[in-house]
Amino acid sequence: MNRQEFENKNAQEWQKFELQLSTSESGKKSLDGEKLPSRFRKICYDLSLAQYRMFGHRVCDQLNGLAIRGYRQIHRKRGAFGEGALRFALRTFPQAFRREWKLFAVVSMVFWLPFFAMWWSADQEIEWVQALLGADGMASIEGMYGKDADSVEFLRQEHGSNFMMFAHYINNNVGIDFRLFAGGIFFGIGTLFFLIYNGLYFGAVVGYVGYAGEPELLWRFVAGHSSFELLGMLVVGMAGLKMGFALLAPGQLSRGDALTRAGRDGLPLLIGGACMTALAAVVEGFWSAEPFPTNVKYTVGIAFWVLHALYFIFVGRGLRAA
Amino acid sequence: MGSPARRIDTLQTVELAEGMEIHLRTAGPFLRFMAFLLDCLVKLIAFGILNLLVVIFMPLLGGNVTEAFRLLSGFVIWWFYDVLFEVSPWGATIGKRVLGLRVVDEAGGGIRLGPSMIRNFIRLMEVFLPFVPLIIFFNPRFQRLGDLAAGTLVVYSRPRIDPVIPGPPPLEKVPVNITLSREEEAAILSFRYRSGGWSEARRMELANHLAKLTGEVGPKGVSRVMGMAHWLEEQR
């Protein structure tokens, strides 16, 4: 069979396939939808044949284009959103966390060491803390947690201020998470920088409140959302560092391939961590500043920490990897 | 999926699970940079509209609520403008769509939320150190760091169909008396089907490369090559 015969024989079938693709691409339901896979297989076969027998680039290009469009239609990656989210939360995310537990140990050290060092330094010599916070930082901390400050609960009674703070935390904290992740692309340096900086800063805030303010005001505010926010940040940091390590020590792979693999494996950590930080914003916006007794707040805060530990240790254990 | 051949070509060969090979045409740095500039412009306009809306709605909803909407919308535009457009059926941001580009995974399929987030978040870091995006020039598939981490490519959204401009029909069949490889056969055939678009001088220049095979140079060589193409095609 030469090219001309080949084209004459199949042109009609190709045209039908193209027509069906156009319908399917525009989102309409076509009448003969069940024929799409078999027509696609035929196109694959024809393309291979045309390439092998070298029926010229015109036929090959045409079939190549049809095959690409067909592939996109057949392999559309859409599932039910709810099911996907559930599977992610109950299986993929905690499993990915456990797989990368060593990275969790690393990011925890990187964050908590500067945190406690800064806090400890406030008892010894307050100037380090003062230098880091600056005059504006100290003033705003004294405004919120100072000895004679209007409590956060009081400030939040204005109409819509809870919602406003929620939006602020989403914008600010989830944005920090994303930068934390992306910073991993510079051999992990960006991630390390943001983690250490946040550790130092939080440590300085705690230290300064202990020095000049009323620690109970601070603790009752942060207790509720602390687990979501800190763990979320650390989990995203894991994804960022994973990329950094892949670039530093790619092992048997090329650096490009190692990066691709690190991106794929770290993805659940990025999405999961960002979701945790978004939840933190909900708690921080609508619970943390509500006027409840201190004991209730501490209890809720501790309960959230315990729940997080249980979640990461036990959920999805023993289930087949998703 | 087989790993693509490492050669310098704008066509990337990908083997699919169906057992066939397709060719993807990856887009080069210039077009992608233009798409990036267009997207920056679109984002700028979006922020402008957002600020306008804030000014309009401020007296109606009150300061706090309006500020909250401004922050949330700003967050979505800043971090998710590219992502939302890339996971849509377009598979491209507005800038890429205008220039006829599309983001695909390594097999040429549409991309999902996760990889799109990876490649776009990393871009914000890449523009931070302006020499980093230059690695695109050292990658055979024009991938920047974000593309590598996400496993994505930017390709032309429509396959290019080369125009067929056959030269004047050959008068004779000229048998080829040596065994040609498949690529060589293909080259001779496409000489016939593209020569209509070339000047006579260009045809002769190309045909002279085959002087050893045809035994002729100049216009005679051209007609010999055309005759060979005719013979090769009729043989099948």
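A crossing of two helices is left-handed if the near helix is turned anticlockwise from the far one by less than a right angle, and right-handed if clockwise. In this predicted model, helix H1 of chain A passes helix H2 of chain A in a left-handed crossing.

Two packed helices are described by the angle between their axes and the distance between the axes. H1(A) spans residues 3-25 and H2(A) spans residues 36-53. Their axes come within 10 Å and cross at roughly 130°. H1(A) is therefore oblique to H2(A). On the H1(A) side, the contact is made by A:Asn10, A:Glu13, A:Lys16, A:Phe17, A:Gln20 and A:Ser24. These meet A:Leu36, A:Arg39, A:Lys42, A:Ile43 and A:Asp46 in H2(A). By class, the residues of this contact divide into three nonpolar, three polar and five charged.

Chain B is assigned two domains. Domain 1 covers 11-156, and domain 2 covers 182-235. The C-alpha centres of these two domains of chain B lie 45 Å apart.

Chain B also touches chain A. The contact joins 44 residues of chain B to 49 residues of chain A. H2(B) gives the most, with nine residues. The side of chain B that touches chain A has 25 nonpolar, 10 polar and nine charged residues.

Methods: Residues are numbered from 1 along each chain as its sequence is written. Chains are lettered from A and ligands numbered from 1 in the order in which they are written. This is a predicted model: local features need pLDDT of at least 70, side-chain atom pairs count only at pLDDT 80 or more; totals for chains, interfaces and linings use all residues. Domain bounds come from an automatic or database domain assignment. Two residues are in contact if their C-beta atoms, placed from the backbone, lie within 7 Å. Helices (H or I, at least four residues) and strands (E, at least two) are DSSP runs, numbered from the N terminus. Ala, Val, Leu, Ile, Met, Phe, Trp, Tyr, Cys and Pro count as nonpolar, Asp, Glu, Lys and Arg as charged, and the others, Gly among them, as polar. Axes are lines fitted to C-alpha atoms, for helices over the stretch in contact, and angles run from 0 to 180 degrees between N-to-C directions. Angles under 35 degrees count as roughly parallel, over 145 as roughly antiparallel, 65 to 115 as roughly perpendicular and the rest as oblique.
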